[in-house]
Amino acid sequence: MVGTERWPDGRMDEIAIHFYGSHPSQWELPMSLKAKDLLLTRRELVAGGVASSAVLAAGCGPAKLGDRESLTEGEARTLGVICDEIVPGDEFPSATQAGVLDYIDRQLARAYRRHRDAYTEGLEQAERLSRAKFGKTVAELGGAERLETVRAIERENGAFFELVRSHTMEGYYGSPRHGGNRDAVSWRMLGLEEPPVRGRAQFDLRKGSSS
Amino acid sequence: MRVWLKIGAMAVAFAGLAAVGGVYGASYYYTTQHGQGCASCHEMAALVGAVHGSAHRNAGCMDCHEASLGTKLRHIRVHLGGKLPETIRLRDVDVLAMTANCKKCHQKEYAGWHSGPHSATYSQIFTDSIHNSKRRLMDDCLRCHGMHFGGPVRELVAPLDTKGPWKVMRPGLGDEPTMPCQACHQVHRQGVPESKPASRASVVGGAVDDSLAFFDRRERVHFAAATLPIPSLHDGARPIRMNQDPRQRLCYQCHASRVPETGTEAARSDWGPPVGSGDDRTPMGVHEGLSCLSCHFGHNESAAASCKTCHPQMSNCGLDVEKMDTSFASAQSKHDIHWVKCEDCHQHGVPKVKAPAGARPHRGAQGE
(Lines give C-alpha, C1' and ligand atoms only; values in the text may rest on other atoms or scores of the structure.)
Protein backbone atom coordinates (compact mmCIF):
# COMPACT_ATOMS: atom_id res chain seq x y z
CA MET A 1 0.00 0.00 0.00
CA VAL A 2 2.70 2.42 0.93
CA GLY A 3 4.25 4.00 -2.03
CA THR A 4 1.37 3.16 -4.36
CA GLU A 5 -0.80 6.02 -3.18
CA ARG A 6 1.02 9.27 -3.51
CA TRP A 7 0.06 12.91 -3.22
CA PRO A 8 -0.47 14.55 -6.59
CA ASP A 9 2.78 16.45 -6.50
CA GLY A 10 4.69 13.46 -5.09
CA ARG A 11 6.08 15.70 -2.33
CA MET A 12 4.18 14.53 0.72
CA ASP A 13 4.49 10.78 0.36
CA GLU A 14 7.24 10.51 2.97
CA ILE A 15 4.99 11.61 5.81
CA ALA A 16 1.76 10.04 4.58
CA ILE A 17 0.60 7.57 7.22
CA HIS A 18 -2.03 4.96 6.50
CA PHE A 19 -4.09 3.90 9.51
CA TYR A 20 -5.12 0.26 9.52
CA GLY A 21 -5.50 -0.31 13.24
CA SER A 22 -5.73 1.34 16.62
CA HIS A 23 -2.18 0.57 17.72
CA PRO A 24 0.91 2.25 16.26
CA SER A 25 2.39 -1.14 15.51
CA GLN A 26 -0.42 -1.67 13.02
CA TRP A 27 0.27 1.57 11.19
CA GLU A 28 2.04 1.33 7.87
CA LEU A 29 4.64 4.00 7.58
CA PRO A 30 6.31 5.14 4.42
CA MET A 31 10.00 5.10 3.92
CA SER A 32 12.09 6.56 6.69
CA LEU A 33 9.57 6.97 9.57
CA LYS A 34 9.14 4.09 12.03
CA ALA A 35 6.35 3.67 14.57
CA LYS A 36 8.65 3.96 17.56
CA ASP A 37 9.83 7.32 16.27
CA LEU A 38 6.39 8.69 16.98
CA LEU A 39 6.30 7.57 20.59
CA LEU A 40 7.32 10.18 23.13
CA THR A 41 9.78 9.83 25.91
CA ARG A 42 8.78 11.11 29.32
CA ARG A 43 11.05 14.13 28.88
CA GLU A 44 9.43 15.02 25.57
CA LEU A 45 5.94 14.66 27.05
CA VAL A 46 6.74 17.06 29.90
CA ALA A 47 8.43 19.52 27.57
CA GLY A 48 5.41 19.49 25.27
CA GLY A 49 3.05 20.08 28.17
CA VAL A 50 5.11 22.99 29.45
CA ALA A 51 5.29 24.51 25.99
CA SER A 52 1.54 24.25 25.42
CA SER A 53 0.78 25.71 28.86
CA ALA A 54 3.05 28.64 28.12
CA VAL A 55 1.27 29.27 24.82
CA LEU A 56 -2.16 29.26 26.47
CA ALA A 57 -1.07 31.35 29.42
CA ALA A 58 0.47 33.98 27.16
CA GLY A 59 -2.76 34.32 25.19
CA CYS A 60 -4.31 37.27 26.99
CA GLY A 61 -5.10 38.76 30.33
CA PRO A 62 -8.66 38.44 31.57
CA ALA A 63 -11.03 41.38 31.44
CA LYS A 64 -13.74 41.96 33.98
CA LEU A 65 -17.28 43.17 33.76
CA GLY A 66 -17.38 46.89 33.08
CA ASP A 67 -14.03 46.93 31.33
CA ARG A 68 -13.72 48.52 27.95
CA GLU A 69 -11.92 47.04 24.99
CA SER A 70 -9.10 49.53 24.87
CA LEU A 71 -9.43 52.37 27.36
CA THR A 72 -8.89 51.88 31.05
CA GLU A 73 -11.59 52.98 33.45
CA GLY A 74 -9.64 56.13 34.37
CA GLU A 75 -8.86 56.98 30.76
CA ALA A 76 -12.51 56.59 29.83
CA ARG A 77 -13.58 58.98 32.61
CA THR A 78 -11.07 61.64 31.52
CA LEU A 79 -11.81 61.24 27.85
CA GLY A 80 -15.55 61.37 28.54
CA VAL A 81 -15.17 64.80 30.15
CA ILE A 82 -13.21 66.12 27.16
CA CYS A 83 -15.71 64.71 24.66
CA ASP A 84 -18.65 66.19 26.58
CA GLU A 85 -17.01 69.60 26.52
CA ILE A 86 -16.72 69.28 22.74
CA VAL A 87 -20.36 68.15 22.34
CA PRO A 88 -22.24 69.06 25.52
CA GLY A 89 -25.73 67.81 26.15
CA ASP A 90 -28.77 70.01 25.70
CA GLU A 91 -32.15 68.84 24.46
CA PHE A 92 -30.10 66.28 22.57
CA PRO A 93 -27.61 63.89 24.14
CA SER A 94 -24.01 64.79 24.82
CA ALA A 95 -21.11 63.03 23.16
CA THR A 96 -20.84 60.31 25.78
CA GLN A 97 -24.60 59.88 25.95
CA ALA A 98 -24.60 59.34 22.18
CA GLY A 99 -21.98 56.61 22.50
CA VAL A 100 -18.85 58.51 21.42
CA LEU A 101 -16.76 56.84 24.11
CA ASP A 102 -17.90 53.45 22.85
CA TYR A 103 -16.94 54.46 19.33
CA ILE A 104 -13.44 55.65 20.26
CA ASP A 105 -12.83 52.68 22.54
CA ARG A 106 -13.89 50.23 19.84
CA GLN A 107 -11.84 51.90 17.12
CA LEU A 108 -8.70 52.14 19.29
CA ALA A 109 -8.76 48.34 19.42
CA ARG A 110 -9.24 48.13 15.66
CA ALA A 111 -8.87 50.69 12.89
CA TYR A 112 -7.29 53.37 15.12
CA ARG A 113 -4.87 51.12 16.93
CA ARG A 114 -2.12 53.41 15.73
CA HIS A 115 -3.57 56.24 17.87
CA ARG A 116 -3.56 54.23 21.10
CA ASP A 117 -0.28 55.67 22.37
CA ALA A 118 -1.37 59.19 21.52
CA TYR A 119 -4.44 58.71 23.70
CA THR A 120 -2.42 57.30 26.57
CA GLU A 121 0.02 60.20 26.52
CA GLY A 122 -2.62 62.84 25.80
CA LEU A 123 -4.89 61.73 28.62
CA GLU A 124 -1.97 61.54 31.05
CA GLN A 125 -1.03 65.08 30.12
CA ALA A 126 -4.64 66.18 30.57
CA GLU A 127 -4.58 64.78 34.09
CA ARG A 128 -1.28 66.56 34.82
CA LEU A 129 -2.73 69.83 33.57
CA SER A 130 -5.82 69.42 35.68
CA ARG A 131 -3.87 68.62 38.83
CA ALA A 132 -1.45 71.47 38.27
CA LYS A 133 -4.26 73.95 37.70
CA PHE A 134 -6.95 72.81 40.12
CA GLY A 135 -5.44 70.04 42.20
CA LYS A 136 -8.12 67.61 41.05
CA THR A 137 -8.53 64.95 38.43
CA VAL A 138 -10.34 65.91 35.24
CA ALA A 139 -13.38 63.90 36.27
CA GLU A 140 -13.58 65.77 39.59
CA LEU A 141 -13.66 69.21 37.98
CA GLY A 142 -16.72 71.43 37.96
CA GLY A 143 -18.32 72.82 34.80
CA ALA A 144 -16.20 75.98 34.34
CA GLU A 145 -13.04 74.17 35.42
CA ARG A 146 -13.63 71.47 32.87
CA LEU A 147 -13.98 73.96 30.07
CA GLU A 148 -10.84 75.78 31.18
CA THR A 149 -8.90 72.53 31.33
CA VAL A 150 -10.02 71.44 27.89
CA ARG A 151 -9.01 74.84 26.54
CA ALA A 152 -5.62 74.38 28.16
CA ILE A 153 -5.30 70.97 26.47
CA GLU A 154 -6.12 72.58 23.16
CA ARG A 155 -3.41 75.20 23.70
CA GLU A 156 -0.68 72.94 25.00
CA ASN A 157 -1.32 69.73 23.06
CA GLY A 158 -3.14 70.85 19.97
CA ALA A 159 -2.43 67.65 18.05
CA PHE A 160 -4.08 65.50 20.72
CA PHE A 161 -7.02 67.84 21.05
CA GLU A 162 -7.55 67.78 17.29
CA LEU A 163 -7.39 64.00 17.34
CA VAL A 164 -10.02 63.77 20.06
CA ARG A 165 -12.19 66.43 18.45
CA SER A 166 -12.03 64.64 15.13
CA HIS A 167 -12.89 61.27 16.66
CA THR A 168 -15.68 62.83 18.72
CA MET A 169 -17.24 64.24 15.57
CA GLU A 170 -16.90 60.88 13.84
CA GLY A 171 -18.52 59.09 16.77
CA TYR A 172 -21.31 61.65 17.14
CA TYR A 173 -22.20 62.15 13.50
CA GLY A 174 -21.00 58.91 11.90
CA SER A 175 -23.02 55.83 11.17
CA PRO A 176 -24.34 53.98 14.23
CA ARG A 177 -22.83 50.80 12.84
CA HIS A 178 -19.41 51.98 14.00
CA GLY A 179 -20.42 52.18 17.64
CA GLY A 180 -21.34 55.85 18.13
CA ASN A 181 -24.34 58.01 17.21
CA ARG A 182 -26.61 55.86 19.33
CA ASP A 183 -30.07 55.50 17.80
CA ALA A 184 -28.89 57.95 15.10
CA VAL A 185 -29.54 60.74 17.57
CA SER A 186 -27.37 63.32 15.79
CA TRP A 187 -29.07 62.66 12.49
CA ARG A 188 -32.46 63.27 14.07
CA MET A 189 -31.03 66.41 15.63
CA LEU A 190 -30.27 67.56 12.09
CA GLY A 191 -33.81 66.77 11.01
CA LEU A 192 -33.04 63.54 9.21
CA GLU A 193 -35.28 60.57 9.78
CA GLU A 194 -33.27 57.47 10.50
CA PRO A 195 -34.07 54.87 9.62
CA PRO A 196 -36.32 56.51 7.07
CA VAL A 197 -39.85 55.26 6.52
CA ARG A 198 -39.67 53.59 3.16
CA GLY A 199 -42.36 51.84 1.25
CA ARG A 200 -41.74 49.06 -1.17
CA ALA A 201 -39.63 49.87 -4.21
CA GLN A 202 -41.44 52.18 -6.58
CA PHE A 203 -40.23 50.72 -9.82
CA ASP A 204 -42.22 48.09 -11.63
CA LEU A 205 -39.96 45.30 -12.75
CA ARG A 206 -42.59 43.82 -15.00
CA LYS A 207 -41.67 46.52 -17.49
CA GLY A 208 -38.06 45.45 -17.56
CA SER A 209 -36.32 42.16 -17.87
CA SER A 210 -38.25 39.49 -16.05
CA SER A 211 -35.90 36.60 -16.42
CA MET B 1 15.27 18.07 15.09
CA ARG B 2 12.82 15.21 15.26
CA VAL B 3 12.62 15.63 19.04
CA TRP B 4 11.63 19.25 18.64
CA LEU B 5 9.05 18.30 16.06
CA LYS B 6 7.52 15.87 18.53
CA ILE B 7 7.57 18.44 21.32
CA GLY B 8 5.86 20.88 19.02
CA ALA B 9 3.28 18.28 18.05
CA MET B 10 2.65 17.55 21.72
CA ALA B 11 2.28 21.24 22.44
CA VAL B 12 -0.31 21.55 19.72
CA ALA B 13 -2.10 18.45 20.95
CA PHE B 14 -2.14 19.70 24.55
CA ALA B 15 -3.36 23.11 23.45
CA GLY B 16 -6.07 21.45 21.38
CA LEU B 17 -7.18 19.26 24.24
CA ALA B 18 -7.15 22.17 26.64
CA ALA B 19 -9.16 24.26 24.19
CA VAL B 20 -11.77 21.55 23.63
CA GLY B 21 -11.99 20.83 27.35
CA GLY B 22 -12.10 24.51 28.05
CA VAL B 23 -14.86 25.06 25.55
CA TYR B 24 -17.14 22.56 27.25
CA GLY B 25 -16.06 23.72 30.66
CA ALA B 26 -16.73 27.27 29.61
CA SER B 27 -20.39 26.52 29.02
CA TYR B 28 -20.75 25.62 32.67
CA TYR B 29 -18.60 28.56 33.72
CA TYR B 30 -20.64 31.03 31.69
CA THR B 31 -23.93 29.84 33.09
CA THR B 32 -22.76 30.10 36.67
CA GLN B 33 -20.84 33.38 36.59
CA HIS B 34 -23.70 35.52 35.28
CA GLY B 35 -21.73 36.63 32.26
CA GLN B 36 -18.45 37.30 34.02
CA GLY B 37 -16.90 34.44 32.10
CA CYS B 38 -17.93 35.90 28.76
CA ALA B 39 -16.74 39.34 29.86
CA SER B 40 -13.27 37.90 30.37
CA CYS B 41 -12.72 38.66 26.72
CA HIS B 42 -12.37 42.41 26.32
CA GLU B 43 -14.46 42.52 23.18
CA MET B 44 -17.37 40.87 25.01
CA ALA B 45 -17.22 42.99 28.16
CA ALA B 46 -19.31 45.83 26.76
CA LEU B 47 -22.00 43.45 25.54
CA VAL B 48 -22.19 41.73 28.91
CA GLY B 49 -22.26 45.11 30.61
CA ALA B 50 -25.16 46.15 28.40
CA VAL B 51 -27.25 43.12 29.22
CA HIS B 52 -26.64 43.72 32.92
CA GLY B 53 -28.41 47.05 32.49
CA SER B 54 -31.21 45.62 30.38
CA ALA B 55 -34.57 44.08 31.10
CA HIS B 56 -32.86 40.71 30.74
CA ARG B 57 -30.31 41.35 33.47
CA ASN B 58 -31.43 38.32 35.45
CA ALA B 59 -30.67 35.94 32.61
CA GLY B 60 -27.32 34.35 31.98
CA CYS B 61 -25.61 34.49 28.60
CA MET B 62 -26.26 30.85 27.89
CA ASP B 63 -29.95 31.19 28.71
CA CYS B 64 -30.35 32.93 25.38
CA HIS B 65 -27.21 32.19 23.40
CA GLU B 66 -26.38 28.74 22.22
CA ALA B 67 -22.83 28.17 21.13
CA SER B 68 -21.78 25.01 19.41
CA LEU B 69 -18.26 23.67 19.64
CA GLY B 70 -17.51 25.21 16.27
CA THR B 71 -18.77 28.59 17.40
CA LYS B 72 -16.71 28.51 20.57
CA LEU B 73 -13.58 27.54 18.70
CA ARG B 74 -14.28 30.35 16.25
CA HIS B 75 -14.54 32.80 19.15
CA ILE B 76 -11.20 31.58 20.46
CA ARG B 77 -9.59 31.83 17.04
CA VAL B 78 -10.85 35.38 16.48
CA HIS B 79 -9.91 36.43 20.00
CA LEU B 80 -6.39 35.06 19.87
CA GLY B 81 -5.93 36.17 16.26
CA GLY B 82 -6.68 39.75 17.21
CA LYS B 83 -8.62 40.43 14.02
CA LEU B 84 -11.82 41.53 15.66
CA PRO B 85 -14.80 42.51 13.56
CA GLU B 86 -15.75 46.14 14.03
CA THR B 87 -19.13 45.16 15.40
CA ILE B 88 -19.64 41.92 17.25
CA ARG B 89 -23.05 40.78 16.23
CA LEU B 90 -25.09 37.65 15.86
CA ARG B 91 -25.07 35.76 12.60
CA ASP B 92 -28.40 34.76 11.10
CA VAL B 93 -28.03 31.23 12.45
CA ASP B 94 -27.34 32.61 15.93
CA VAL B 95 -30.47 34.75 15.79
CA LEU B 96 -32.59 31.81 14.74
CA ALA B 97 -31.13 29.66 17.51
CA MET B 98 -31.97 32.41 20.00
CA THR B 99 -35.58 32.56 18.88
CA ALA B 100 -36.19 29.10 20.23
CA ASN B 101 -34.65 30.16 23.53
CA CYS B 102 -36.97 33.17 23.84
CA LYS B 103 -39.78 30.65 24.12
CA LYS B 104 -38.40 29.29 27.37
CA CYS B 105 -39.55 32.38 29.25
CA HIS B 106 -41.97 34.07 26.85
CA GLN B 107 -44.28 31.18 26.05
CA LYS B 108 -47.39 33.30 25.60
CA GLU B 109 -45.69 35.81 23.37
CA TYR B 110 -44.00 33.07 21.37
CA ALA B 111 -47.28 31.21 20.89
CA GLY B 112 -48.96 34.39 19.69
CA TRP B 113 -46.14 35.23 17.31
CA HIS B 114 -45.97 31.68 16.02
CA SER B 115 -49.67 31.64 15.17
CA GLY B 116 -49.56 35.04 13.54
CA PRO B 117 -48.36 36.39 10.20
CA HIS B 118 -45.04 37.65 11.53
CA SER B 119 -43.73 34.11 11.94
CA ALA B 120 -43.82 33.58 8.16
CA THR B 121 -40.96 31.37 7.05
CA TYR B 122 -38.38 31.96 4.34
CA SER B 123 -40.20 29.52 2.07
CA GLN B 124 -43.55 31.19 2.59
CA ILE B 125 -42.13 34.60 1.81
CA PHE B 126 -39.54 33.95 -0.86
CA THR B 127 -41.08 31.11 -2.84
CA ASP B 128 -44.56 32.58 -3.08
CA SER B 129 -45.44 31.99 -6.73
CA ILE B 130 -48.22 34.59 -6.77
CA HIS B 131 -45.82 37.32 -5.71
CA ASN B 132 -42.75 36.12 -7.53
CA SER B 133 -44.49 35.73 -10.88
CA LYS B 134 -45.44 39.40 -10.74
CA ARG B 135 -42.42 41.02 -9.15
CA ARG B 136 -38.84 39.90 -9.07
CA LEU B 137 -37.26 39.41 -5.69
CA MET B 138 -34.71 42.01 -4.72
CA ASP B 139 -32.38 42.84 -1.86
CA ASP B 140 -34.87 45.38 -0.51
CA CYS B 141 -37.22 42.49 0.34
CA LEU B 142 -34.73 41.56 3.04
CA ARG B 143 -35.28 44.88 4.80
CA CYS B 144 -38.48 43.53 6.31
CA HIS B 145 -38.32 39.80 5.55
CA GLY B 146 -35.15 38.01 6.59
CA MET B 147 -33.44 41.14 7.89
CA HIS B 148 -30.86 39.03 9.69
CA PHE B 149 -29.92 36.99 6.62
CA GLY B 150 -26.21 37.38 6.12
CA GLY B 151 -26.08 37.84 2.36
CA PRO B 152 -27.87 39.30 -0.64
CA VAL B 153 -31.10 37.84 -1.95
CA ARG B 154 -29.25 36.05 -4.76
CA GLU B 155 -27.62 33.88 -2.08
CA LEU B 156 -30.99 33.16 -0.52
CA VAL B 157 -33.30 32.10 -3.32
CA ALA B 158 -32.99 30.99 -6.90
CA PRO B 159 -33.86 31.72 -9.61
CA LEU B 160 -34.29 35.48 -9.39
CA ASP B 161 -36.81 35.73 -12.17
CA THR B 162 -40.58 35.69 -12.61
CA LYS B 163 -40.74 32.16 -13.99
CA GLY B 164 -39.61 29.98 -11.12
CA PRO B 165 -39.89 27.49 -9.62
CA TRP B 166 -38.21 29.20 -6.69
CA LYS B 167 -36.21 27.49 -4.01
CA VAL B 168 -34.53 28.64 -0.82
CA MET B 169 -30.94 27.71 -1.43
CA ARG B 170 -29.64 27.08 2.09
CA PRO B 171 -30.85 23.71 3.39
CA GLY B 172 -33.08 24.02 6.43
CA LEU B 173 -33.55 27.76 6.17
CA GLY B 174 -36.86 27.48 4.33
CA ASP B 175 -38.70 26.53 7.51
CA GLU B 176 -37.10 29.22 9.64
CA PRO B 177 -38.89 32.50 10.42
CA THR B 178 -38.03 35.61 8.44
CA MET B 179 -39.08 37.91 11.26
CA PRO B 180 -37.73 36.39 14.47
CA CYS B 181 -38.04 38.01 17.87
CA GLN B 182 -34.90 40.08 17.29
CA ALA B 183 -36.54 41.83 14.34
CA CYS B 184 -38.55 43.94 16.78
CA HIS B 185 -36.77 43.43 20.08
CA GLN B 186 -33.28 44.36 21.19
CA VAL B 187 -32.56 42.06 24.06
CA HIS B 188 -29.55 44.00 25.35
CA ARG B 189 -31.26 47.40 25.33
CA GLN B 190 -31.26 49.29 28.59
CA GLY B 191 -34.39 48.76 30.62
CA VAL B 192 -35.92 47.27 33.70
CA PRO B 193 -37.24 43.73 34.02
CA GLU B 194 -40.84 43.30 33.02
CA SER B 195 -43.44 42.67 35.66
CA LYS B 196 -46.91 41.41 35.09
CA PRO B 197 -49.49 44.22 35.40
CA ALA B 198 -52.21 43.78 37.96
CA SER B 199 -54.76 44.27 35.23
CA ARG B 200 -54.59 44.50 31.49
CA ALA B 201 -53.34 47.92 30.49
CA SER B 202 -55.11 49.99 27.89
CA VAL B 203 -54.10 49.12 24.40
CA VAL B 204 -54.34 52.75 23.33
CA GLY B 205 -51.07 54.58 23.84
CA GLY B 206 -49.74 52.04 26.26
CA ALA B 207 -46.24 51.92 27.63
CA VAL B 208 -43.43 50.93 25.31
CA ASP B 209 -41.51 47.81 26.13
CA ASP B 210 -37.89 48.69 26.78
CA SER B 211 -36.71 46.14 24.28
CA LEU B 212 -38.97 47.32 21.45
CA ALA B 213 -36.62 48.32 18.64
CA PHE B 214 -36.36 47.86 14.91
CA PHE B 215 -33.42 45.92 13.50
CA ASP B 216 -32.15 47.97 10.60
CA ARG B 217 -30.48 45.64 8.14
CA ARG B 218 -28.47 48.39 6.48
CA GLU B 219 -26.85 49.60 9.69
CA ARG B 220 -26.97 46.20 11.36
CA VAL B 221 -28.12 47.79 14.59
CA HIS B 222 -31.41 48.21 16.42
CA PHE B 223 -33.15 51.56 16.67
CA ALA B 224 -35.36 52.10 19.70
CA ALA B 225 -39.05 52.26 18.82
CA ALA B 226 -39.45 55.64 20.47
CA THR B 227 -36.78 57.16 18.22
CA LEU B 228 -38.38 56.03 14.96
CA PRO B 229 -40.37 58.47 12.84
CA ILE B 230 -44.11 58.47 12.24
CA PRO B 231 -44.87 59.52 8.68
CA SER B 232 -47.26 62.30 7.69
CA LEU B 233 -49.90 60.77 5.46
CA HIS B 234 -52.55 62.42 3.33
CA ASP B 235 -56.05 61.66 2.16
CA GLY B 236 -55.88 63.67 -1.04
CA ALA B 237 -54.74 67.11 0.01
CA ARG B 238 -55.84 66.61 3.61
CA PRO B 239 -53.24 65.52 6.14
CA ILE B 240 -54.80 62.81 8.23
CA ARG B 241 -54.60 62.63 11.99
CA MET B 242 -51.78 60.29 12.99
CA ASN B 243 -51.77 58.51 16.32
CA GLN B 244 -48.45 59.09 18.07
CA ASP B 245 -48.38 55.73 19.86
CA PRO B 246 -44.63 55.03 20.04
CA ARG B 247 -45.17 51.33 19.50
CA GLN B 248 -46.62 51.76 16.05
CA ARG B 249 -43.49 53.60 14.94
CA LEU B 250 -42.12 50.12 14.58
CA CYS B 251 -44.97 49.09 12.27
CA TYR B 252 -44.30 51.95 9.85
CA GLN B 253 -40.81 50.71 9.13
CA CYS B 254 -42.38 47.97 7.01
CA HIS B 255 -46.07 48.79 6.66
CA ALA B 256 -45.28 52.00 4.85
CA SER B 257 -47.04 54.00 2.18
CA ARG B 258 -45.66 54.97 -1.19
CA VAL B 259 -44.82 58.39 -2.43
CA PRO B 260 -47.45 59.64 -4.90
CA GLU B 261 -47.21 58.05 -8.32
CA THR B 262 -45.60 60.23 -10.96
CA GLY B 263 -48.16 62.04 -13.07
CA THR B 264 -50.91 61.98 -10.45
CA GLU B 265 -52.42 65.12 -9.01
CA ALA B 266 -50.93 64.15 -5.67
CA ALA B 267 -47.45 64.25 -7.19
CA ARG B 268 -48.09 67.48 -9.08
CA SER B 269 -49.51 69.19 -6.00
CA ASP B 270 -46.75 67.87 -3.80
CA TRP B 271 -49.12 66.26 -1.34
CA GLY B 272 -47.59 63.85 1.08
CA PRO B 273 -47.69 60.07 0.78
CA PRO B 274 -51.29 58.86 0.36
CA VAL B 275 -52.79 56.88 3.19
CA GLY B 276 -53.53 53.30 2.24
CA SER B 277 -50.98 53.13 -0.56
CA GLY B 278 -48.33 50.45 -0.71
CA ASP B 279 -48.28 48.45 2.49
CA ASP B 280 -49.77 51.21 4.60
CA ARG B 281 -52.86 50.40 6.65
CA THR B 282 -53.14 53.59 8.68
CA PRO B 283 -56.73 53.97 9.88
CA MET B 284 -58.80 56.62 8.19
CA GLY B 285 -62.51 57.38 8.01
CA VAL B 286 -64.36 56.32 11.14
CA HIS B 287 -61.18 54.87 12.62
CA GLU B 288 -58.89 57.79 11.85
CA GLY B 289 -56.50 58.59 14.65
CA LEU B 290 -56.31 55.09 16.07
CA SER B 291 -53.05 53.28 16.61
CA CYS B 292 -52.29 49.95 14.93
CA LEU B 293 -52.17 48.53 18.43
CA SER B 294 -55.69 49.78 19.16
CA CYS B 295 -57.05 46.83 17.24
CA HIS B 296 -54.18 44.43 16.61
CA PHE B 297 -53.46 42.67 19.87
CA GLY B 298 -50.41 40.93 21.09
CA HIS B 299 -47.81 39.11 19.10
CA ASN B 300 -50.21 37.38 16.71
CA GLU B 301 -51.53 40.76 15.56
CA SER B 302 -55.06 39.44 15.62
CA ALA B 303 -57.85 42.00 15.46
CA ALA B 304 -60.57 39.42 15.85
CA ALA B 305 -61.76 40.62 19.24
CA SER B 306 -60.91 44.25 18.83
CA CYS B 307 -64.29 45.86 18.03
CA LYS B 308 -65.73 45.47 21.50
CA THR B 309 -62.82 47.37 22.98
CA CYS B 310 -64.41 50.60 21.84
CA HIS B 311 -67.86 49.81 20.47
CA PRO B 312 -71.00 48.96 22.37
CA GLN B 313 -72.76 45.88 21.14
CA MET B 314 -74.70 47.98 18.66
CA SER B 315 -73.35 50.88 16.68
CA ASN B 316 -74.93 54.30 16.58
CA CYS B 317 -76.72 53.05 13.48
CA GLY B 318 -78.27 50.28 15.51
CA LEU B 319 -76.22 47.64 13.72
CA ASP B 320 -73.78 45.14 15.06
CA VAL B 321 -70.44 46.62 13.96
CA GLU B 322 -68.93 43.20 13.51
CA LYS B 323 -71.60 42.33 10.93
CA MET B 324 -71.48 45.53 8.93
CA ASP B 325 -70.36 45.32 5.32
CA THR B 326 -66.67 45.76 5.96
CA SER B 327 -63.58 43.64 5.44
CA PHE B 328 -63.78 42.76 9.14
CA ALA B 329 -66.92 40.73 8.48
CA SER B 330 -65.86 39.50 5.06
CA ALA B 331 -62.56 39.65 3.24
CA GLN B 332 -64.54 40.11 0.03
CA SER B 333 -66.10 43.37 1.20
CA LYS B 334 -65.06 46.43 -0.74
CA HIS B 335 -65.12 48.47 2.47
CA ASP B 336 -61.70 47.99 4.04
CA ILE B 337 -62.04 48.21 7.80
CA HIS B 338 -58.91 50.38 7.93
CA TRP B 339 -60.48 53.29 6.11
CA VAL B 340 -64.20 52.71 5.98
CA LYS B 341 -66.26 55.90 6.15
CA CYS B 342 -69.89 56.50 7.06
CA GLU B 343 -70.45 57.65 3.48
CA ASP B 344 -69.43 54.26 2.14
CA CYS B 345 -72.79 52.88 3.24
CA HIS B 346 -74.80 56.06 3.68
CA GLN B 347 -74.40 57.13 0.09
CA HIS B 348 -77.30 59.58 0.27
CA GLY B 349 -76.01 61.35 3.34
CA VAL B 350 -75.17 60.43 6.88
CA PRO B 351 -78.25 60.62 9.12
CA LYS B 352 -78.08 62.64 12.30
CA VAL B 353 -77.05 60.48 15.18
CA LYS B 354 -79.72 60.00 17.82
CA ALA B 355 -77.46 58.87 20.51
CA PRO B 356 -78.73 58.70 24.09
CA ALA B 357 -77.49 61.39 26.42
CA GLY B 358 -74.01 60.65 27.66
CA ALA B 359 -73.33 58.11 24.96
CA ARG B 360 -69.97 58.17 23.25
CA PRO B 361 -70.17 60.33 20.13
CA HIS B 362 -69.42 58.67 16.85
CA ARG B 363 -65.85 59.47 15.88
CA GLY B 364 -66.35 59.72 12.17
CA ALA B 365 -69.60 61.66 12.28
CA GLN B 366 -68.20 64.17 14.76
CA GLY B 367 -65.04 64.64 12.75
CA GLU B 368 -62.77 64.07 15.69
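This is a predicted model: local features need pLDDT of at least 70, side-chain atom pairs count only at pLDDT 80 or more; totals for chains, interfaces and linings use all residues.

Student: Which parts of chain B are the two domains?

Tutor: Domain 1 covers 2–88, while domain 2 is made of 91–192 + 209–227. Their C-alpha centres lie 27 Å apart.

Student: How many salt bridges does the rule find across the interface of domain 1 of chain B and domain 2 of chain B?

Tutor: For a salt bridge, we look for a side-chain nitrogen of Lys or Arg within 4 Å of a carboxyl oxygen of Asp or Glu. Across this interface of chain B, the rule finds zero.

Student: Which helices supply the side of domain 1 of chain B that touches domain 2 of chain B?

Tutor: α2 (42–52), α3 (61–64) and α4 (69–81) of chain B each supply at least two residues of that side. The largest share, three residues, comes from α2(B). Sorted by class, this side of domain 1 has five nonpolar, five polar and four charged residues.

Student: And how do I read the area buried between domain 1 of chain B and domain 2 of chain B?

Tutor: Look at the total, then at who contributes. About 1,200 Å² is buried between the two domains of chain B, and carbon and sulfur atoms give 47% of that. On the domain 1 side, H56(B), C64(B) and E66(B) supply 34% of the area buried against domain 2, more than any other three residues.

Student: How many residues are in contact?

Tutor: In chain B, 14 residues of domain 1 are in contact with 13 residues of domain 2.

Definitions and conventions:
Residues are numbered from 1 along each chain as its sequence is written. Chains are lettered from A and ligands numbered from 1 in the order in which they are written. Side-chain values use heavy atoms; hydrogens and water are left out. Domain bounds come from an automatic or database domain assignment. Contact means heavy atoms within 4.5 Å. Buried area is the accessible area (1.4 Å probe) that two parts lose on being put together, summed over both. Helices (H or I, at least four residues) and strands (E, at least two) are DSSP runs, numbered from the N terminus. Ala, Val, Leu, Ile, Met, Phe, Trp, Tyr, Cys and Pro count as nonpolar, Asp, Glu, Lys and Arg as charged, and the others, Gly among them, as polar.
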